[in-house]
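Thanks for coming, everyone. Please have a look at the sequence and the model on the screen, and then I'll walk you through it.

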Amino acid sequence: MAISLVSLGPDVAPDWDGPHCFTITNECCMGEMTGNTDYDPQDLVDIGDVTRMIDYLFVSMEPLYCPEEGNVDGSEGGVVDMGDLTALISYLFIPPHTPLAPCQ
Ligand SMILES: [Ca+2]
Ligand SMILES: [Ca+2]
């Protein structure tokens, strides 16, 4: 069985419209702030997210479902590292509770 792809060319847009169409983006961060590293549907930031970060960084190293949620310190390039774990712990447990970085 052969499958061929046909290009419509740069001047011909496909007639895509309606409820069956959607946009695929790389954005996965829920809500406005980062920190939901366990990606629970309520977008809660709690000890479960600290546990998930520790698991990601030091135990199983299983990738975060949404790395953007893990960039808690808002570092450039979205790197998720020990600084993010520190920021998450600070946000939850250490006054004056460093704010979470916004989703980017
Ligand atoms: Ca969570
Ligand atoms: Ca970071």
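**The core and the helix beside it**

Let's start inside. The largest nonpolar core has 12 residues: V45, M53, Y56, L64, V72, V80, L85, A87, L88, Y91, L100 and A101. By nonpolar core I mean a set of buried Ala, Val, Leu, Ile, Met, Phe, Trp, Tyr and Cys residues joined through C-beta atoms within 7 Å. A residue is buried if 20 or more other C-beta atoms lie within 10 Å of its own, exposed if 12 or fewer, and partly exposed in between, with C-beta atoms placed from the backbone. Who supplies this core? At least two residues come from each of α1 and α3 (82-93). The largest share, four residues, is from α3. In soluble globular proteins, nonpolar side chains tend to be buried together.

A word on the source. This is a predicted model: local features need pLDDT of at least 70, side-chain atom pairs count only at pLDDT 80 or more, and totals for chains, interfaces and linings use all residues. Residues are numbered from 1 along each chain as its sequence is written, while chains are lettered from A and ligands numbered from 1 in the order in which they are written.

Now the overall layout. The protein has three helices and zero strands. Helices (H or I, at least four residues) and strands (E, at least two) are DSSP runs, numbered from the N terminus. Along the sequence, the pattern reads α-α-α. Of the 104 residues, 24% are buried.

On to α1. Which of its residues are buried? They are D49, R52, M53 and Y56. These four cover an arc of only 100° around the axis, so they sit on the same side of α1. That arc is taken over the directions from the helix axis to the C-beta atoms. They pack against α2 and α3. On the other side of α1, I47, F58 and V59 are exposed.

What follows the helix? Just after α1, M61 has a positive phi of about 60°. Then comes P63, in the loop between α1 (47-59) and α2 (67-70). P63 counts as exposed because it has 10 C-beta neighbours inside 10 Å. From P63 to R52 is 11 residues in sequence and 9.9 Å in space, C-alpha to C-alpha.

Last, back to a core residue, A101. Leaving out residues up to four places away in sequence, A101 touches T34, N71, V72, D73 and G74. Contact here means C-beta atoms, placed from the backbone, within 7 Å.

Technical notes: Contact = placed C-beta atoms within 7 Å.
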